[in-house]
Structure formats: C-alpha cells, structure tokens
Amino acid sequence: MTFTFDGQPIAAEPGQSVAAALWAAGIRSWRRTRHGDEPRGLFCGIGICFDCLVVVNGVRGQRACLVEVHDGDVVEQP
Amino acid sequence: MIRYDVAVVGGGPAGLAAAAAATGGDARVVVVDAAPRLGGQFWPHRSGAEPPALWRLRSAAYHLPDAPVWFAEPAPTTGFRLHTPAGIVTADRVVLATGAHDRSVPFPGWTLPGVVTVGAAQALLKAHGVLVGRRVAVAGAGPFLLAVAAGLATAGADVVGVFEAGHLRGYAKHRLPSAKLAEGARYAAVLARHRVPYRRGHAVIAAHGTDVLEAITVAGRSRERRIDVDALAISYGFTPQVELAVALGCGTHVDRDGSLVVTVDADQRTSVSGVYAAGEITGVGGADLAQLEGRIAGRAAAMKVLDPGTRRQRAKVRRFAQAMHDVHRRPSWIEQLGDDTLVCRCEEVPYAEVRKAIELGATDTRAVKLLCRAGMGWCQGRICGPAVAELTAHLNGRPPTRDDHAAFANRAIAQPTTLGDLAGQ
C-alpha cells in the first residue's frame, strides 16, 4: 500500500505506524520546532514525547508513532 | 451501563495478570487499555503475531481497547469512574497497572533525529518490522539494553556497541535467579556471535550531526571516542506513569532508582480504599515482578484468597529488582550539559534557562517550571520531568525529594485528549 508524505508517494506495510513507514523510507524528521527551527522526528516511539507530531488527512497534532497508516493517506508536515 | 467489580487500567504484564487473577466466579472484570492491542510496552507485536507469553495471560475479562484513561475520579456513591475516549467505565475497585516509559537524560545533541529511546528502537522492530538504523549504538543503563541490542543484531543491524553506564560492580554480591542468568547469557551469546562489544562504565556524552545524527562521543574510564552511527538508542531505566494514581490521591514515594512510585501494602493496596496498584508504577522491576504483583492485586481486588507462595516469590523477585537498580546506577549527567543543551524538548528550554530560573530564586520544581517553561509543553514533563527535578535539587544543593518529582506527576488530565471528549463527558 502507498501513502503520500508532502506529496511524495511512500510504500508501507499493513499495520505500520506513520512514523515506522516514514522511517523505513529513510525519512528521519517531519517537523521543525517553533523556536529553534530544529528538525524532529521519532524519539520515544510510544506516544509519550509528542516529538513526532504530523498532519494526517488534514487532522493536525497526530502522533506519527501511534497512528496506523492506511492506503491513500495524505501525510504532511505540521 | 455495566458496572464492573474490577477495572484494570493497563494491558501489559501487570494488568493482564491482575485481570486473569480477578476473573472467575461471578466477578465482572474489564481491562481498559490505551493501545489497540493488548501486551503493553513489554510485548509490542504486530497484529496477529501475539507472543505466547501474552496469550497465556489471556482471560475472560472484557477488553476495552483504544481507551487511554484521561481522568479518574471517585463515583458519586461508591467505586470509581474512568473517563476514556471509548466511554466512561464504572467499577467498584480499580487496579492501576499503567506501566512505565523510557527515562531519558539530556545531553548535547540528544534532540537530533536518529537519537531515540531504547523503547522506540524496540517498538519499531517488534511492532512495525523496521530497523532503527544500519549502524546503531545502544546506550544508557539497565538490563533492557542487552535484550534490545541482541534483537537489533539478530535483525541485521550493525550494532557498534552496547554502552552501559553502570560499572556493574556488585553483581556477584547479589544472588541472581537462575532464569535471569540464563536470559542474560542468551543475549550475551547473541552479541558475541555478532561481535558486538559490551562496554561497562561507558556513557554517550554527545551526539553529532547537522540535521540528522552522524556520530556519537562515548566516554570511558580515561578516554573519549567518536563513533560514526546513523542511530542511537539510549535510555536510563524507566519512568513509572503514576498520573492516575496521583490524581486519585494515592500515596507515593521515591524509589531506589530515583523514580516516583505508588506506595502499596502486602496486598498491593494503595493508600486509597478500593484502589490497587501493580507493576512498574509501584517500583520498576520488570515483567516477572509485574505479573506477580498483578496476580496479587487482582485477587485482592476481587476479594479472593491469596496463596502465600505468590507473596514469597514477589519478595524474592523484588529484592532482585532493587539489586538491579544499584548495579545499573544512572551516572551523574549534569556536568555533560552545555549552556545551550535543551533540557525540555517541547518548549526548547536550554540548560542556561533552567539555571537562570534557579538563580532568580526558584527552590522547587514547580517554580522552575513556571519561570522557564520546562515541562509545560506537549508532553507535560513526561520526558524532561525527572531531569528537571534532579537539576532543581542539584542546583539548590540538596537531594531530589518526592515533591520535586510529584510536581510533574500531578496532572488532572492524565492523557492528551480532545476538547470534544472533554465536553462530551
């Protein structure tokens, strides 16, 4: 199955989280911080740290490590 | 709406053991869990690939998935009400088995993408089938490092080393259970087969890279070494998730590893009548201890008689857990901070700002938090809380207290939730 990240098509396996699928595609960060403009991606991997926030199908503030990715999902940087 | 006799919060080793022990007879038991699948952080797995240890703990208890409890309160007459996005659960008695997450310590470069917790590396591999990196360092403190490093090496990662901060002195002093020794030996054999060095008394003191991790600096007894890696999995033990217990008014204390934990009696009763606690939230001790505590809490909560053997076993395993805390001691980490090292990742608060708050007169964690915003971001101090508590105490020239840690565990809303859910309940 395939989803898009900022318009770029990415392959994923059923059951994978958005973060895992991005990571498998070699993408290590998908947002920049408000103050320092630093890249952030996965850190705790279990929904605690909120570093991996991402926009999924227009819904903001989703934790990429918890949200299961589905075919055709549109994922964007916040 | 069903009123349960026992509601167990958390579907990990402690919670599942509690539910299994409470079920039977005519007790109505529910497991309320944040995740879509049971197992907690100890048994992360892909859909349909349940580890055998997990299904052995399956019981007839009702399972409410995708239900993080964001608020717990006493019900109007007796019992408790647990608010979740999947609805309100009402029960006469509650077993809290909310587990723990990796404990992180700030160091220069720890916010670089590619630096993750050991638990994240494990979850990526076990729950999603993804390797955290090609050249990976595993670091921090605790027996969990061995298990994860062995898993990564087996899955094909080039593990450049396991860097354990503890000197592991005193292992010989403690009589280790033979099952634990065998488990450790198994991991050691895997690491040896893949030629992964295991270095005691070594700590990762910096991560380097511009927009992504490229290398780490490892400090040993007398020298520092730079190693190229594309991933670093690093954690110093675990932080128990005690928010719900604190919200319900349960007594807490600081455990041997510096964690805030729920105080329980011989039957895993907390200081609040009808509330029991089991597993990591009563003291980090691993899955075996969690299951024993869960079994005791479950039987007590369901008003069932307990065999004394389980209590004896718990005492034995708990002694071992306490010994592990001494052996895998967290090193002092404050000296390694630079002025610009972020302490709070969410609010991007550097060490210099935390120090300034204390220079301005903040003597407790709450004041530090209000002055510099450390711990006020999305994660609400779940990641930086223990570090800020230790920093506050250190810079004020005293040891950390219960109150230092409790300042971050005190959250009326225990889980991130939507305004819609808040308004609806």
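Predicted model: local features only at pLDDT ≥ 70, side-chain atom pairs only at ≥ 80, totals over all residues.
**Chat about a two-chain model**

Colleague: OK, the parallel sheet next. What's the strand order in chain B?
Modeller: β8-β15-β9-β10-β11, five strands in an open sheet with parallel pairing. β8 (115-116) and β11 (198-200) of chain B are the edge strands, and each pairs on one side only.

Colleague: How many bridges join β9 and β10 of chain B?
Modeller: Six, between β9 (residues 135-141) and β10 (residues 158-164) of chain B, which run parallel. B:V138 has B:V162 of β10(B) opposite it.

Colleague: Which strands does α4 of chain B lie across?
Modeller: β9, β10 and β15 (231-236) of chain B. Helix α4 takes in residues 144-154 of chain B and runs at about 175 degrees to β10(B).

Colleague: Switching to helix pairs. At what angle do α9 and α10 of chain B pack?
Modeller: About 120 degrees, with the axes 9 Å apart; α9 is residues 351-359 and α10 is residues 365-372 of chain B. That's why α9(B) and α10(B) count as oblique to each other. The crossing of α9(B) past α10(B) is right-handed.

Colleague: Which residues make the contact?
Modeller: From α9(B) you have B:E353, B:V354, B:K356, B:A357 and B:I358, and from α10(B) there are B:V368, B:L371 and B:C372. By class, the contact of α9(B) with α10(B) comes out as six nonpolar, two charged and no polar residues.

Colleague: What about α11 and α12 of chain B, how do they cross?
Modeller: At roughly 145 degrees, with axes that come within 9 Å; α11 is residues 385-395 and α12 is residues 402-409 of chain B. The α11(B) and α12(B) crossing is right-handed.

Colleague: Which residues of α11(B) and α12(B) meet?
Modeller: B:G385, B:P386, B:A389, B:T392 and B:A393 on the α11(B) side, with B:D404, B:H405 and B:F408 on the α12(B) side. By class, the contact of α11(B) with α12(B) has four nonpolar, three polar and one charged residues.

Colleague: Let's zoom out. How many helices and strands are in chain B?
Modeller: 13 helices and 21 strands. The C-alpha trace of chain B spans about 65 × 55 × 40 Å along its principal axes.

Colleague: What does chain A have by way of helices and strands?
Modeller: One helix and seven strands, in the pattern β-β-α-β-β-β-β-β along the sequence. The C-alpha trace of chain A spans about 35 × 25 × 25 Å along its principal axes. With 78 residues, a compact globule would have a radius of gyration near 12 Å, and chain A agrees, at 11 Å.

Colleague: What do β1 and β2 of chain A form?
Modeller: A hairpin with two residues between the strands; A:D6 in the turn has a positive phi of about 50 degrees. β1 (residues 2-5) and β2 (residues 8-11) of chain A run antiparallel and are joined by four bridges. A:F5 has A:Q8 in β2(A) as its bridge partner.

Colleague: Last topic, the two chains together. How many residues are in contact?
Modeller: 25 of chain A with 26 of chain B. On the side of chain A that touches chain B, α1 (18-24) and β4 (39-41) of chain A each supply at least two residues.

Colleague: What classes of residues are on that side of chain A?
Modeller: Eleven nonpolar, nine polar and five charged residues on the side of chain A that touches chain B.

How values were computed:
Residues numbered from 1 in each chain as written. Chains lettered and ligands numbered in written order. Axes fitted to C-alpha atoms, helices over the stretch in contact; angles between N-to-C directions. Parallel < 35°, antiparallel > 145°, perpendicular 65-115°, else oblique. Left-handed = near helix turned anticlockwise from the far one by under 90°. Contact = placed C-beta atoms within 7 Å. Nonpolar A, V, L, I, M, F, W, Y, C, P; charged D, E, K, R; others polar. Rg over C-alpha atoms; globule rule 2.2 N^0.38 Å. Pairing = 2+ DSSP bridges.
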